Amino acid sequence: MSDRVTAAEPQTAAPAAAGSTASPHIDAGDAGYRKDLKSRHINMIAIGGAIGTGLFLGAGGRMANAGPSLFIAYAVCGVFAFFVVRALGELVLYRPSSGAFVSYAREFMGEKGAYTAGWLYFLNWSTTAVADITAAATYAHFWAMFSDVPQWILALIALAVVLAANLISVKYFGEMEFWFAIIKVAALVAFMLVGIFLVVTQHEVGGHTPGLANITDNGGIFPNGVMPMLLLIQGVVFAYASVELCGVAAGETENPEKIMPKAINSIMWRVGLFYVGSVVLLALILPYTAYTGDQSPFVTVFDKLGIPGAAGVMNLVVLTAALSSLNSGLYSTGRILRSMSLAGSAPKFTGVMNKGGVPYGGILLTAGFGVLGVALNYVMPGEAFELVLNFASIGIVGTWAMIMVCSLLFWRAARQGRVARPGYNLPWAPYTQIVTLAFLASVLVLMWMDGGVGRTTVACLPLIAAALVGGWFLVRGRVRATEGRNRD
């Protein structure tokens, strides 16, 4: 295999959907990948996507602000996250593609839609990469041996380790995510078992007796009112930032039509069990005032419990979660950018593959923005996580909105008889897409209402739009030339 895979390479097109009169869409960006991801990889990638840094680190500060009502925010956002991934799953079964929603935007919205979807996704993961390395550096400071090491150095080490592992092959990525997810799930299950035991036995934790009294005696479910919980929704959305990853990975697996439905359907109960269940237990074990944004709430519980080494083990787990998220971001943006590059809407070097079938050009571009995150950790270590969290939320909202728009256009094309919807589809369409889009718009409103960094981030939307428009005028000539070569 040559180092460069061009649009002219032969590829196997997805079969046309039953009843469809149109020829199947062919995406040049799908050529050259190896189908090395197995069912167990996809299932655990789906789990890992639903359990990320937003729960392990972000839940502490959010609990301190909103109290036990945080579980409501997680539940509401979890429902809409499920709608998004279910909509993406329907498109994947229609036509698996490593370009995922960028490829579907290209089919149903044209190159402008694909360009917009791809760069919004890059905004999502390039800023999330900064959040992840910031989280990893924050976790490392828990141990005394790293307490004197500057945060930016720890962030740089985290980025270098994950980047090196991601560049080998998709098989290694799948194995890493498999074991990362195993560790996260095992840790959460262990925490929930310990938490249930503490609540049932009312074993004292840090001078507090677990039980409903920790909620009722400290202001109830809404100790600071309903508004703090609503304002936190934009940050909670970040917690589900990786749910779409299994859709990207579907392009590198055999038999996605068998694997994907099971993986996607399981996301809903995982959200209910791990997110909502964990937050409820946290509220029952300690008053919400015991948690802080500087430490994982799970580490806080084990630290106050006084079990030697337990807090350190849990801190190692949440460090793994941050590295897992970073690994996923490098993986997915590499595939998305390659799909865009071969269509002309991303730099040419992001379309380059190595002999292992890894689009390393796009991965390196995302890692480059991670280096900017290292600089951010040097300049403002205290505010780095919160700042990039807001910009990541903008990227997530944009990405999810594009997925739902693609789903809506796909539904309309099916109504017109141009395509056929697979048996596994998004229920209650088109109302589900419309309601989800309205929810995503409300997230932006809440960010504005929150003031501070959130309002500043929303105020940057015109700048982001201007950058997208300006970028389109820069690449449109190459996009049209690429379209012409593909038609020839």
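Me: Which helix gives the largest share of the nonpolar patch?

Reply: That's H18 (residues 431-449), which brings 3 residues to the patch. Helices here are DSSP runs of H or I with at least four residues, while strands are E runs of at least two, and both are numbered from the N terminus. Before going on: this is a predicted model, where local features need pLDDT of at least 70, side-chain atom pairs count only at pLDDT 80 or more, and totals for chains, interfaces and linings use all residues. Residues are numbered from 1 along each chain as its sequence is written, and side-chain values use heavy atoms, leaving out hydrogens and water.

Me: What makes up the nonpolar patch on the surface?

Reply: Met-227, Val-445, Trp-448 and Met-449 form it, with about 380 Å² of accessible area together. To join a patch, a residue needs over 30% relative accessible area and no salt bridge; nonpolar side chains (Val, Leu, Ile, Met, Phe, Trp, Tyr) are joined within 5 Å, like charges within 9 Å. The areas come from the Shrake-Rupley method with a 1.4 Å probe, and for residues only the protein chains shown count as cover.

Me: Why is Met-449 called partly exposed?

Reply: Met-449, which sits in H18, has 42% relative accessibility. Buried means under 20% relative accessible area and exposed over 50%, with partly exposed in between (1.4 Å probe, protein chains only). So 42% lands Met-449 in the middle class.

Me: How do you know where the buried residues of H18 lie around its axis?

Reply: The buried ones are Thr-432, Gln-433, Thr-436, Phe-439, Leu-440, Val-443, Leu-446 and Met-447. Looking down the axis, they fall within an arc of 135°, so they line one face of H18. That arc is taken from the directions between the helix axis and the C-beta atoms. The background is simple: an α-helix has 3.6 residues a turn, so residues three or four places apart point the same way.

Me: What makes H15 "mostly covered"?

Reply: The count does: 30 of its 32 residues are buried.

Me: What makes the contact between Glu-90 and Arg-421 a salt bridge?

Reply: The rule asks for a side-chain nitrogen of Lys or Arg within 4 Å of a carboxyl oxygen of Asp or Glu. Here N to O is 2.6 Å, so the pair qualifies. This pair links distant parts of the chain: Glu-90 is in helix H4 (residues 70-94), and Arg-421 is in the loop between helix H17 (384-415) and H18, 331 residues away. Glu-90 counts as buried because its relative accessibility is 2%, while Arg-421, at 29%, is partly exposed.

Me: How many salt bridges does the structure hold?

Reply: It has 3. Among them, Glu-107 pairs with Arg-95 at 3.0 Å, and Arg-106 pairs with Glu-111 at 2.9 Å. In that last pair, Arg-106 has 10% relative accessibility and is buried, and Glu-111 is buried at 10% as well.

Me: How many aromatic pairs are there, and why is the one of Tyr-74 and Tyr-275 called tilted?

Reply: There are 18 aromatic pairs. In this one the ring centres are 5.2 Å apart and the planes meet at 45°, so the pair is tilted. The rule for Phe, Tyr and Trp (its six-membered ring) is centres within 6.5 Å; planes under 30 degrees apart are stacked, over 60 edge-to-face, the rest tilted. Both Tyr-74 and Tyr-275 are buried.

Me: Why does the pair of Phe-101 and Tyr-121 get its own label?

Reply: Their planes are at 70°, with centres 4.8 Å apart, so this pair is edge-to-face. Phe-101 belongs to helix H5 and Tyr-121 to helix H6 (residues 111-140), 20 residues apart. Both are buried, with Phe-101 at 1% and Tyr-121 at 0%.
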